[in-house]
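Visitor: I would like to learn how to read a few features of a protein model. Please show me the structure and take me through them.

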Amino acid sequence: MPNNSFRAAIPLLFAAMAMPAWSAENQADKNDSVMLVPRTYMGQTINVQESMQDFTPKNPSWWSQVRATGSIQTEFMAPMDDSSLDIKAADYPARVLNNTYFDFTVNAPYISAGARFQFTKWPLPGFEEKTMPGFAGWGIPYFWATGKYKWAQLTAGDFYEQFGSGLIMRTYQERALGVDGAIRGARLKLNPGRGVYLTALTGKERRFWKHTPDLIWGADAEWSLHESFANAFSPQYGVTLGFSYVGKHDKRGNGSNVTTILGDQEYRLNFPTTIAAFDGRVNARLKDFTILAEYATKNNDPNAVNNYIYKRGHVELLSLSYAANGFSAYVQAKRSENMAFLSDQEEQTNAFINYLPAFTNTQTYTLAALYPYATDYNGEWAYQAELRYLFKRNTPLGGKYGTNVKLSGSYIADLYNQAPLGPKVEVTNPDGTVSVLDKDPTQVGTNGYGAPFWKAGGLRYADINFEISKKLSRKVQLTFFYLFQRLNYDKIFGHPTEHGGEEMVTANTFILEGQWKIAKRTQLRWEVQYLTTHQDDKDWVCALAELSLAPHWMFTLSDNYNCGVTKEHYYTAMVTYNYRANRFALSFARNRAGFNCSGGVCRWVPASKGISLSYNYTF
């Protein structure tokens with residue numbers, strides 16, 4: 001929990017946020033009676049009266065260039081009982097649950113500063129104590145100040161950072177998953193010459209209302225040769241070189257640590273004091289082609305994710321893309337091995353310093369996202385490819401308005417001979433009973449498994465995506481989407497399917513989406529979805545209708561129905577209202593339990609039912 005000094009700053013934050021809101025309303029009233037025109041000076045665009053449009057301040061004051069921006073995001077929910085989903089409103093910490101975030105930033109010449117107020121004392125379902133211990137609380141967990149002068153920039157406080165593709169450093173915020181890995185410390189960014197970018201940082205990573213014990217430091221250098229030597233490069237060519245280093249001091253690395261790993265069994269492990277990770281990359285643009293090659297490695301780093309082994313980690317990434325004349329394509333491959341890089345070796349979900357991208361499509365349709373993929377940081381072979389083509393207008397396949405076609409696929413496999421982790425490990429107790437362990441005792445404290453580089457193991461996940469979008473007339477557009485999935489449910493989610501206990505799941509999903517522009521400001525969007533599988537909960541159907549009355553109103557109705565095993569309906573009714581920078585949404589929903597994923601990072605979300613009210617405002 002934040003200290004009292006943070007809480008004392010809350011009234012000041014509200015007062016500061018109220019000032020730009022009042023100013024915006026005042027300005028809006030003036031717009032109704034006075035003609036304003038945009039005028040640019042000193043790199044800033046302002047509105048002045050039409051009679052003053054030729055007036056340009058010669059020496060604007062520092063105060064006149066101060067700008068305040070911010071946002072409010074809040075959602076309230078009143079949970080309700082549901083016996084078939086085993087939900088009791090009395091089990092929640094309060095009758096009304098709430099997640100609220102206030103972000104406020106002040107920008108001025110040479111300096112900017114900001115803070116975030118967060119209220120999650122009684123958080124929404126999926127963020128409560130039993131699901132995410134330590135998430136609940138309130139205060140100001142995020143504040144920062146940045147000074148800028150010429151080619152130097154210094155930040156003190158909380159910040160997010162990414163080096164390259166994030167293979168050894170990527171801290172970010174994803175509120176839907178409860179992820180917030182902001183680093184509290186200092187960061188220096190330099191741009192000493194054209195095309196040269198340098199970054200150095202140090203600090204500790206946030207874990208909800210506390211910070212993880214390990215101190216992090218690192219540096220990144222990028223050199224864009226086509227910027228430094230612009231006269232020597234054609235605009236169609238470019239080369240960027242990058243190198244990164246990230247280190248951490250393991251607070252437990254004292255050579256005499258005792259860590260309880262398997263029930264009552266204690267292991268005395270000699271943890272390394274300092275762990276270092278390195279990343280090198282080349283990004284080249286050759287006319288219509290772009291090539292990225294990146295390699296990262298990490299010293300031995302025993303932790304709860306890799307079963308406390310001392311194996312060195314590394315990841316190789318290669319990507320090739322092409323785009324020209326309505327056609328685009330890319331193919332990429334990634335091999336990772338033992339690359340869980342955490343700021344707390346006992347954590348397994350909320351202390352990652354690095355990020356390994358999932359080579360799968362980010363699905364936006366409800367049933368297509370039913371079986372997401374979570375990246376395995378212990379190791380995997382991953383491949384992904386995609387083709388896009390626009391059949392031009394007035395061609396046999398393009399028709400009057402053109403046709404968009406997309407085909408993509410992913411294939412992800414285990415490393416060859418990778419040691420099993422999790423529920424596959426069983427031991428016989430002295431009394432003859434068998435216990436299932438979450439770690440393999442034969443691997444703890446060793447160099448771990450052996451995995452030949454070019455050999456792949458069993459299938460983890462594979463998919464094929466096909467989408468065709470066609471505008472039939474000026475008012476009607478249709479999109480057809482097909483998804484084939486084959487996944488090892490047991491490996492990805494840590495247990496077999498709830499119904500049937502299957503290890504492998506094969507699913508086919510068919511989706512038809514339509515958009516009908518009824519009038520100038522009225523549009524109807526609808527979806528019909530069908531997922532069929534012989535495993536897990538078997539078949540699903542989904543329907544959605546969304547009526548938009550621009551610029552203010554939107555009405556949404558949807559229902560997901562399991563017609564295979566559970567025979568349960570999961571429905572949503574929502575009304576959305578937009579006014580200027582304000583957005584209100586009132587909904588009544590019954591949500592299924594499942595995994596919520598973003599970019600290969602997944603979090604289990606329990607079933608819920610209730611009335612929700614959300615509000616978003618940006619100024």
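Visitor: Is Val331 buried, exposed or partly exposed, and what decides the label?

Guide: The model is predicted. Buried means under 20% relative accessible area and exposed means over 50%, with partly exposed in between. Val331 has a relative accessible area of 45%, so Val331 is partly exposed. Val331 sits in strand S20, residues 327–337.

Visitor: Now the inside. How many residues does the largest nonpolar core have?

Guide: The residues of a nonpolar core are buried ones. The largest core in this model has 64 residues. Those with the most contacts inside this core include Ile168, Met169, Val246 and Tyr371. At least two core residues come from each of several elements, among them strand S4 (97–108), strand S17 (274–286), S18 and S19. Helix H4 (489–493) gives the largest share, three residues.

Visitor: What is Ile168 in contact with, leaving aside its neighbours within four places in sequence?

Guide: Among the contacts of Ile168 are Tyr245, Val246, Ala277, Phe278, Met339, Phe341 and Ile353.

Visitor: Where do the salt bridges come in, and how many does the structure hold?

Guide: A salt bridge needs a side-chain nitrogen of Lys or Arg within 4 Å of a carboxyl oxygen of Asp or Glu. The structure holds 27 of them. Lys298 and Asp301 form one, with 3.9 Å from N to O.

Visitor: Are Lys298 and Asp301 buried or exposed?

Guide: Lys298 has a relative accessible area of 0%, so Lys298 is buried. Asp301 is buried as well, also at 0%. Another salt bridge links Arg335 and Glu337 at 2.9 Å, N to O. Arg335 counts as buried because its relative accessibility is 1%, and Glu337 counts as buried at 3%.

Note on methods. Residues numbered from 1 in each chain as written. Predicted model: local features only at pLDDT ≥ 70, side-chain atom pairs only at ≥ 80, totals over all residues. Heavy atoms only, no water. Buried < 20%, exposed > 50% of the residue type's maximum accessible area, 1.4 Å probe, protein only. Helix = DSSP H or I, 4+ residues; strand = E, 2+ residues; numbered from the N terminus. Core = buried A, V, L, I, M, F, W, Y, C linked by side-chain atoms within 4.5 Å. Contact = heavy atoms within 4.5 Å.
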